[in-house]
Amino acid sequence: MSGPLIVLVGPMGVGKSTVGELLAERLGSSYRDTDADVVAAAGKAIPEIFFDEGEERFRALERQAVRDAIAGHTGVLALGGGAVLDGETRALLAGRPVVYLSMDVDEAVRRVGLNTARPLLAVNPRRQWRELMDARRPLYEEVATVTVATDARTPEEVAQAVLDAMELPERTVEAVPSGRENTRMTEQGTTRIQIAGTAGTDPYEVLVGRQLLGELPNLIGDRAKRVAVLHPEALAETGEAVRADLAAQGYEAIAIQLPNAEEAKTVEVAAYCWKALGQTGFTRTDVIVGVGGGATTDVAGFVAASWLRGVPWIAVPTTVLAMVDAAVGGKTGINTAEGKNLVGAFHPPTGVLCDLAALDSLPVHDYVSGMAEIIKAGFIADPVILDLVEADPQGARTPAGPHTAELIERSIRVKAEVVGSDLKESGLREILNYGHTLAHAIEKNERYKWRHGAAVSVGMVFAAELGRLAGRLDDATADRHRAVLESVGLPLTYRGDQWPKLLENMKVDKKSRGDLLRFIVLDGIGKPTVLEGPDPAVLLAAYGEVSA
Ligand SMILES: NC(=O)c1ccc[n+]([C@@H]2O[C@H](COP(=O)([O-])OP(=O)(O)OC[C@H]3O[C@@H](n4cnc5c(N)ncnc54)[C@H](O)[C@@H]3O)[C@@H](O)[C@H]2O)c1
Ligand SMILES: O=C(O)C(=O)C[C@@H](O)[C@H](O)[C@H](O)COP(=O)(O)O
């Protein structure tokens, strides 16, 4: 019987996609995910399908996706966590090599966090996890030919256990040839993270690996005649190399050099770019490539969003911060005299290439700045990130650290889940702003000479204190903020005499509504929530805790 080599079932967060991709790699086959098929068929993210059309409709789409994949896919197939709830879907799995990846409730809470981005776990997650597991375990066992426990195992160990249980031989896979002489790319070791299309935008992928620039022409495509490579002064050589490479591929390629860091995020710099595009005759099928840190990708995306009311763009982030945050999710923008990121647009890229080799030249303070956003992802959604940083804080300060790729990938996955269901920040996306209300006020106060991550670090300690004083966050978690941020060398305090100015600056924060200040605080790790209009005395007291 032809069909998938292996079908993976199990609860959300058990690691079906990570393990599935590893298995596909080891078996020399391809990986497919019915959730991605459903998203592609419906043209919207799964939480949106649930919200707009209900679970029944979602299950029908999923059933069809499983039917199609079983008929046409010969590699590794992963099903959504709830697929087995549907009797017809279970029947489709009869006689197939189905592996149930299991985990216990504590492991589920630890891995998924109490993550509000998961559509089924929005309220009282621990209890819901238990109920959900109890209800689904017999169904997983009904369809499975083998069960592989994932608790306390790495994805590699789980993949090996699956291969052993299924008695499937591993095959060595050659790197996929790029077909282009001056580019090299390797599929092995590259992680592809899907960002769902939402609000009428297309889905796209974030690739994390090495030697990824060979992917650029594929992403740019044949319709583009011209390409503009925007890069900061610090990456003049890289920018020129990318431009020359694209010119050698037949594109009319120009490089536009931007100032380093925050100095690039001005209307004057944007106008300079518009002028260059105009003089090059840039049309709607042409493509912008932003190569650099978050400041560069913010400007590149904004220029792409505003030129001809929107042209495609690709992000090639070269800092940790840009890889895990700025380049993903389509928030683009510039600063004005009144504040940070006050002008911009939601304009997702068509692809993001995170080449880890770029991090080798990053100064340590810029590397550490990016750790603030990684730690943010840990507090709002993925506690494993915090465990990894705490296990080796020195390693977390350098690209050579043992967990670099995992920390980056985990953080991107957090962002992917959020922006894949709420691109335009109508609700859930606000959680990514944890620590940013005060951070942006500090950055403006410092005329953008403070690094973004440093300001976010102080902002998160402030938000933790605010949560604690508002009676929402326990002492241990609030204290953990200080410990983990300090352990990697991030600051915890800011000038005590600046509160009136900071308060003024915070009024134009994008989460404010009228005169109401709104902050993201935590009810616990992985439990972000909104605190509206806190008492000014509580705000001041929280600031007292971060005042130097
Ligand atoms: N759009 C979003 O969702 C989002 C998210 C987070 C942060 N941001 C924005 O990102 C910006 C911060 O980004 P950042 O921390 O990447 O800083 P950055 O872009 O200012 O880069 C820091 C410095 O490193 C240089 N640089 C970049 N890559 C390098 C490399 N590989 N080697 C050597 N030098 C390199 C830059 O030229 C710059 O001088 C802020 O403006 C922040 O507001 C945006
Ligand atoms: O992607 C988001 O949404 C974020 O809030 C991510 C933040 O880390 C980032 O700094 C973002 O640029 C802040 O956005 P803003 O809307 O507060 O300017």
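How far does a polar side-chain atom of lysine 415 lie from an oxygen atom of ligand 2, and what is that value in Å? The separation is 2.7 Å, which is a polar contact in the sense of a pair of N or O atoms within 3.5 Å. The model is predicted, with local features needing pLDDT of at least 70 and side-chain atom pairs counting only at pLDDT 80 or more, while totals for chains, interfaces and linings use all residues. Residues are numbered from 1 along each chain as its sequence is written, chains are lettered from A and ligands numbered from 1 in the order in which they are written, and side-chain values use heavy atoms, with hydrogens and water left out.

**Ligand 2**

- 13 residues surround ligand 2, and the closest are Asp325, Lys415, Arg429, His436 and Lys510; a residue counts as near if one of its heavy atoms lies within 4 Å.
- A polar side-chain atom of histidine 436 is 2.7 Å from an oxygen atom of ligand 2, and for glutamate 373 the corresponding distance to an oxygen atom of this ligand is 3.1 Å.
- On its own, ligand 2 has 430 Å² of accessible area, of which the protein covers 93%, with areas taken from the Shrake-Rupley method and a 1.4 Å probe.
- The shell around ligand 2 receives at least two residues from each of α13 (364–380) and α16 (436–445), where helices are DSSP runs of H or I with at least four residues and strands are E runs of at least two.
- By class, this shell holds seven charged, five polar and one nonpolar residue; Asp, Glu, Lys and Arg count as charged, Ala, Val, Leu, Ile, Met, Phe, Trp, Tyr, Cys and Pro as nonpolar, and the others, Gly among them, as polar.

**Ligand 1**

- Of the 27 residues around ligand 1, those that come nearest are Glu262, Gly294, Thr318, Thr319 and Lys331.
- Oxygen atoms of ligand 1 lie 2.9 Å from a side-chain N or O atom of asparagine 260 and 2.9 Å from a polar side-chain atom of lysine 265, whereas aspartate 298 has a side-chain N or O atom 2.8 Å from a nitrogen atom of the ligand.
- Taken alone, ligand 1 exposes 860 Å², and the protein buries 90% of that.
- Two or more shell residues come from each of α11 (294–306), α12 (320–326), β13 (339–346) and α13.
- The shell around ligand 1 comprises ten nonpolar, eight polar and nine charged residues.

Terms used
A polar contact is a pair of N or O atoms within 3.5 Å; within protein, one must be able to donate a hydrogen and the other to accept it, and residues adjacent in sequence count only if both atoms are side-chain atoms.
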